[in-house]
Amino acid sequence: MAMMTLLEIATLVDGMLIGVPKNVAEKVTISNVLPLDQTLPGTLTLLDNSRNAHLLVQCPASAAIVAESDVDAILKACKEKSPILVAVSDPHSAFERLIEAVRPLKTKPTPGIDARSAIGDNVQIGRDVSVGPYVSIAANCVIGDRTVLHAGVRLMADCVIGRDCELFPNAVLYPRTILEDRILVHGGVVLGGFGFGYRQVEGRHQRTAQLGWTHIESDAEIGANSTIDRGTYGATKVGVGTKIDNLVQVGHNVRVGPHNLICSQAGIAGSASTGSHVVLGGQVGVRDHIHLGDRCMAGAQSGIVADVPAESVVVGSPAAPRKESLQSMLALQRLPEMRKQLRQLQSEVENLLKLQSKPNDTKLNDLIIDDDVASGIKQVESVTRSKAA
């Protein structure tokens, strides 16, 4: 872990030091960069919202990265303890750069082919490619420049991988899978497996054709243990820039549009499609053969059973426009109360019917009815008597 002085930190992130003179900043060292709730003495932290300035007073960090626009509010809130601040235009970007400098995360090994890997016939490997131990590359695969295959990756025959991709341990690519450039495939991902499609023949389930492939376009990311099935005859496709979380299932013949965000445990059934910039929350289910329009959003656990127009926000199961679905949810929450009210009304109606069937001298006190109803009946009787007189 690298040590840096406050002055070196301010220089690296193009920040302005506040609360410490330059000659002192040259000597104060930072041992680590940590979030606000995990700070220790000698560390630097991030305060990305001036409303949390009181937390800075309580934490033991030596200094904090803050937004330039928040400096005045933070200093005003921290009168008890004058903090050392590094003011920048974009606190999160600066914090990321500092973490990379202080404790760099080295995932990409040195280029080369490990002797314990197995490489088939007619495999084309580009420049500066890294092939880790126990990687298996079947015949006729193509691997682009600077791509990294970590330990245990399996490429079946005729796979094509572009430049600057990284496949983490134990990812599996079935035959003819295509990855374009700059794609991240995390551990345990399976691309190009058979789709879940069957037809009945003489009372038995028989698998339908699985003759297609899976195609992932550039700058996509596939989260750990996610699966994307191959097409029946053509491609199952994931669009450019789309980010898929862990434990997501994408069925056969699906067309995922560009720049989608698909959260954990979502499932998209066969032959469904999405437009651009679609967002699916966690555990969303999308039925087969429907389309989700551009920039639509589905809340967590939505069950989408019909086409969703562009720009829509849907929630619930079955999914409906957010306003309608929230109204339905609120109505459901009121059902116990409404049930009690209905029983009370039924009781009052029964009492009124009993009153009509009894002689005129029946006293209201003999009936157990609502006070308001009793008062109304008394008024009616009073008016009746006055008219009779």
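I began with a definition: a residue is buried when under 20% of its relative accessible area is left, exposed when over 50%, and partly exposed in between, with a 1.4 Å probe and protein chains only. I noted that this is a predicted model, in which local features need pLDDT of at least 70 and side-chain atom pairs count only at pLDDT 80 or more, while totals for chains, interfaces and linings use all residues. Residues are numbered from 1 along each chain as its sequence is written, and side-chain values use heavy atoms, with hydrogens and water left out.

**Ser302**

I looked up Ser302 in the loop between β37 (297–298) and β38 (303–304), the strands being DSSP runs of E with at least two residues and the helices runs of H or I with at least four, numbered from the N terminus. Ser302 has 1% relative accessibility and therefore counts as buried. I found a polar atom of its side chain 2.6 Å from the backbone oxygen of Gly299. Leaving aside residues up to four places away in sequence, Ser302 touches Gln283, Val284, Gly285, Val314, Val315, Gly316 and Ala319, where contact means heavy atoms within 4.5 Å.

**Helices α6 and α7**

I then turned to α6 (residues 322–333) and α7 (residues 335–357), which pack at an angle of about 50° with axes 5 Å apart; the axes are lines fitted to C-alpha atoms over the stretch in contact, and angles run from 0 to 180 degrees between N-to-C directions. The two helices are therefore oblique to each other, since angles under 35 degrees count as roughly parallel, over 145 as roughly antiparallel, 65 to 115 as roughly perpendicular and the rest as oblique. I listed Ala331, Leu332 and Gln333 of α6 as meeting Leu335, Pro336 and Met338 of α7.

Terms used:
Polar contact = N/O pair within 3.5 Å; in protein donor to acceptor, adjacent residues only side chain to side chain.
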